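Okay, thanks everyone, let's get going.

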Amino acid sequence: MASTVFITGAGKGLGLEFARQYAQAGWRVIATCRAPDKSSELQALGVETHPLDVADFDAVSALAKTLRGTPIDLLLSNAAQFGEAQDFGQVDMEDWATVLRVDVMAPLALAQSFVDHVAQSPGRVMAFLSSRMGSIADNGSGGFYIYRTAKTALNMLVKNLAVDLEPRGIVAVALHPGWVKTDMGGPNAPLEPPVSVAGLRTVLSRITDRDTGKFYGYDGVEIPW
Ligand SMILES: NC(=O)c1ccc[n+]([C@@H]2O[C@H](COP(=O)([O-])OP(=O)(O)OC[C@H]3O[C@@H](n4cnc5c(N)ncnc54)[C@H](OP(=O)(O)O)[C@@H]3O)[C@@H](O)[C@H]2O)c1
């Protein structure tokens with residue numbers, strides 16, 4: 001039977017590319033985004049779509065109920081926001097709260113709502129798109145208060161899930177896609193989405209129980225927390 005991947009933020013960027021590549025590889029793709037009807041590229045893939053604003057926790061839980069009984073081999077938490085003004089002295093607190101809700105609280109809401117779907121699949125992987133910018137060990141340049149703190153908190157969330165879900169045989173990993181040419185990465189990014197996603201899919205295809213609670217780049221290299 002084909003494996004199933006569930007993706008958030010699949011209307012554009014890396015989420016859309018994940019949907020495209022997994023569909024091409026013969027997976028059942030459950031693609032979610034805020035406005036599926038507005039993404040002609042997603043519609044063109046012909047995959048199953050559901051509208052989902054991940055910051056609406058009731059909606060996350062309702063979709064999990066709609067999909068009750070559907071095993072999900074790979075839960076891919078991809079949707080995120082970067083934040084606006086975030087240099088020291090300029091951080092917009094309301095914007096920070098919004099980003100923390102989307103980038104940290106929503107991934108936990110997703111994991112809590114879909115844990116049974118993942119546990120009942122053969123794959124049993126939860127993968128979270130993080131960023132090297134969330135690595136405390138790697139931070140040599142400061143700034144970016146909103147995005148960095150959100151991804152650092154997400155990394156702790158992943159480590160926690162790895163511990164708490166180990167008895168259910170679920171593997172949780174954090175992933176860094178590289179600096180990729182998307183709306184978030186901007187036009188100067190060196191990587192194209194197909195390259196990043198192909199690399200991440202290879203990483204994910206090699207994941208075993210021993211990898212739970214780890215942080216990997218798209219090139220398969222482990223990143224220090
Ligand atoms: N690009 C890079 O260089 C880079 C580097 C490191 C990590 N990442 C991570 O990779 C992931 C994908 O980023 P990307 O580069 O593809 O960025 P992107 O092109 O800006 O896409 C972000 C996606 O998140 C969705 N999203 C935002 N808020 C949402 C919400 N409340 N509910 C549902 N979806 C929401 C967006 O949907 P809408 O279309 O509805 O806005 C969009 O689909 C993110 O987790 C990002 O932090 C990216």
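So, how many aromatic pairs does the count come to? The rule takes rings of Phe, Tyr and Trp (the six-membered ring for Trp) with centres within 6.5 Å, and by that rule we get seven aromatic pairs. Planes under 30 degrees apart are called stacked, over 60 edge-to-face, and the rest tilted. Take F6 and F114: their ring centres are 4.6 Å apart and the planes sit at 40 degrees, so this pair is tilted. F6 is in strand β1 (residues 4-7) and F114 in helix α4 (residues 93-119), so the pair ties together parts 108 residues apart in sequence. Helices and strands here are DSSP runs, H or I of at least four residues and E of at least two.

Quick housekeeping: this is a predicted model, with local features needing pLDDT of at least 70 and side-chain atom pairs pLDDT 80 or more, while totals for chains, interfaces and linings use all residues. Numbering starts from 1 along each chain as its sequence is written, and side-chain values use heavy atoms, with hydrogens and water left out.

On polar contacts (N or O atoms within 3.5 Å), a polar side-chain atom of R34 is 2.8 Å from a ligand oxygen. A polar backbone atom of N78 also lies 2.8 Å from an oxygen atom of the ligand, and for a polar backbone atom of A80 the distance is 3.3 Å.

Notes. A polar contact is a pair of N or O atoms within 3.5 Å; within protein, one must be able to donate a hydrogen and the other to accept it, and residues adjacent in sequence count only if both atoms are side-chain atoms.
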